[in-house]
Amino acid sequence: MQLDKIDLNLLRYLDSLLREQNVTHAANQLGITQPAMSNGLRRLRDLFHDPLLVRTSDGMMPTALAIQLQPRVQSILQSVDEVLHLGQSFEAESSSRVFRIMASDYAEATLIPPLMKKLQDEAPNVILDVMNPSDVSFHDVEKGKVDLVINRFETLPQSFHQKSVWVDHFSCLVPADSDIAKNFSLETYLASRHVWVSKTGFGVGVGIQPEEVQKLGWVDGSLADLGFKRNIRLFTRNYNVAMRATEQLGLIATLPSLATRLMKDNNRVVVLPPPFDIPPVELKMLWSPLLQHDPGHIWIRSTIAGCAKTIAENNNL
């Protein structure tokens, strides 16, 4: 094959087809018609002398050759994108770009307000569209539909770029007027009622089974290692709800420390160190390789990293 005989747009078509494994969806992603994408698939099949995608009972599936081609095509497109962005810059002070960020409730409460304040000073027309974990899938991020994901993750696709935002330890939010606040120990902790809160990763959550301790996360895993279990009366995915449950219902909330510090001026609760060891949690941001070399994306990543560093330093993380 000679380069002067190849329409390099076909590589974009192939990349989209292999991501979506659906002609109509691939066409929509690239903003072309379904017949144009079908014609592109026909030309790709002629070019590679292979069907590339074949229809099965489970839908369109890639052939063995297509599976080999996919990472190489992505690498070529990323290299082309990098070349095209050379010499370009992002004028933050005049940009009105919308950055879509999926953030956990914890990240949104602790990071987004100071980040927004920084943007108001340095890029007053830039807009943040903050989305919930249930709004976003791995595929949305992979396709670049979402600029950044900021959350705690148990597993990550190897293709994504990632950067640590900060590492946080746990604290306990306890009713200020309770007996446990005056005598906080593992014994009184276990004798109390608790609120559980967590939402990691992507996608729609599933219902909690209280007896499945190994799936409840860091706090309950650490207690299980000691042979104990919390008396959890409320399960939520919202940190504000968890903190209000301490204030209004008297439930103990064991949360990343930065979240508990949002209640530092509330005299109805006190923040205490946990009476047992809990491994720290790492907040990460990750993004698609498709956006790695985009000047605006480089700027927002750097801005978030700088803001997070200041927060971490001010809170001794």
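**Strand pairing and sheet packing**

Ala103 stands opposite Ile150 in S5. Strand S5 covers residues 148-151 and is joined to S3 by three bridges, the two strands running parallel. Helices (H or I, at least four residues) and strands (E, at least two) are DSSP runs, numbered from the N terminus. Two strands pair if DSSP finds at least two bridges between them. The model is predicted: local features need pLDDT of at least 70, side-chain atom pairs count only at pLDDT 80 or more, and totals for chains, interfaces and linings use all residues. Residues are numbered from 1 along each chain as its sequence is written, and side-chain values use heavy atoms, with hydrogens and water left out.

Strand S3 (residues 98-103) also pairs with strand S4 (residues 127-131). Five bridges hold this pairing, in the parallel sense. Within it, Phe99 faces Leu128 of S4.

An open sheet is built from five strands in the order S9-S8-S10-S7-S11. Its pairing is mixed. Strands S9 (231-236) and S11 (269-272) form the edges, each pairing on one side only. From one strand to the next, the twist averages 30°. Axes are lines fitted to C-alpha atoms, for helices over the stretch in contact, and angles run from 0 to 180 degrees between N-to-C directions.

Strand S8 (residues 193-197) runs parallel to S9, and five bridges join them. His194 has Ile232 in S9 as its bridge partner. Helix H11 (residues 239-249) packs on the sheet. This helix touches S7 (170-175), S8, S9, S10 (252-256) and S11, where contact means heavy atoms within 4.5 Å. The direction of H11 makes about 145° with that of S10.
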